[in-house]
Amino acid sequence: MKELKFKTNINCSGCLSKVTPILEAKEGIAVWQVDLQDDDRTLTVKTSDLTEEEVQAAVAEAGFRAEAK
């Protein structure tokens with residue numbers, strides 16, 4: 001399983017509530033979390049088969065940005 005990290009603009013619990021259903025429904029994501037205390041609001045995703053682009057597309061679907069770190 002690989003761990004992907006992204007700098008995001010997900011910066012509050014309201015933002016998390018928008019992105020949660022999309023990331024939870026995305027097949028291939030085993031575990032994910034956003035560190036709201038980090039200046040980069042780092043999203044960490046553990047996946048066995050998704051690419052960075054697929055995770056970025058899922059985050060964009062929720063209206064947010066994710067840049068690979």
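Is Asp-49 buried or exposed? In this predicted model, where local features need pLDDT of at least 70, side-chain atom pairs count only at pLDDT 80 or more, and totals for chains, interfaces and linings use all residues, Asp-49 counts as exposed because its relative accessibility is 52%. Residues are numbered from 1 along each chain as its sequence is written, and side-chain values use heavy atoms, with hydrogens and water left out. The classes of accessibility are buried (under 20% relative accessible area), exposed (over 50%) and partly exposed (in between), for a 1.4 Å probe and protein chains only. Accessible areas come from the Shrake-Rupley method with a 1.4 Å probe, and for residues only the protein chains shown count as cover.

Asp-49 is placed in the loop that runs between β3 (43–47) and α2 (52–61); helices (H or I, at least four residues) and strands (E, at least two) are DSSP runs numbered from the N terminus. Together with Glu-27, Glu-52, Glu-53 and Glu-54, Asp-49 forms a negative surface patch. Such patches are made of residues with over 30% relative accessible area and no salt bridge, like charges being joined within 9 Å and nonpolar side chains (Val, Leu, Ile, Met, Phe, Trp, Tyr) within 5 Å. Asp and Glu count as negative and Lys and Arg as positive, while His and the chain ends are not counted. The place of a charge is taken as NZ of Lys, CZ of Arg, CG of Asp or CD of Glu.

The backbone nitrogen of Asp-49 lies 3.2 Å from a polar atom of the Thr-47 side chain. Thr-47 belongs to strand β3 and counts as buried because its relative accessibility is 0%. The loop between β3 and α2 also holds Leu-50, which is buried at 5% relative accessibility. The C-alpha atom of Leu-50 is separated by 8.6 Å from that of Glu-27, a residue 23 positions away along the chain.

The structure holds six salt bridges, each defined as a side-chain nitrogen of Lys or Arg within 4 Å of a carboxyl oxygen of Asp or Glu. Lys-69 is bridged to Asp-40, with the closest N and O atoms 3.3 Å apart. This pair links distant parts of the chain, since Lys-69 is in the segment after β4 (66–68) and Asp-40 in the loop between β2 and β3, 29 residues apart. Lys-69 counts as exposed at 53% relative accessibility, whereas Asp-40 is partly exposed at 24%. The side chain of Lys-69 also makes a polar contact with the side chain of Thr-42, at 2.9 Å. A polar contact is a pair of N or O atoms within 3.5 Å; within protein, one must be able to donate a hydrogen and the other to accept it, and residues adjacent in sequence count only if both atoms are side-chain atoms. Thr-42 lies in the loop between β2 (29–34) and β3 and is buried, with a relative accessible area of 7%.

A further salt bridge connects Arg-65 and Glu-67, whose closest N and O atoms are 3.3 Å apart. Arg-65 is partly exposed at 44% relative accessibility, and Glu-67 is partly exposed at 37%. Salt bridges with shared partners join Lys-7, Asp-38, Asp-40 and Lys-69 into one network. Lys-5 and Glu-3 form another salt bridge, with a closest N to O distance of 3.7 Å.

Most residues other than glycine have a negative phi, and most peptide bonds are trans. With a relative accessible area of 22%, Arg-41 is partly exposed.

Glu-61, in helix α2, counts as exposed at 62% relative accessibility. The C-alpha atoms of Glu-61 and Ile-22 are separated by 7.7 Å, and the two residues are 39 apart along the chain. Phe-6, in strand β1 (residues 2–8), counts as buried at 0% relative accessibility. Phe-6 and Glu-24 are 18 residues apart in sequence and 17 Å apart in space, C-alpha to C-alpha.
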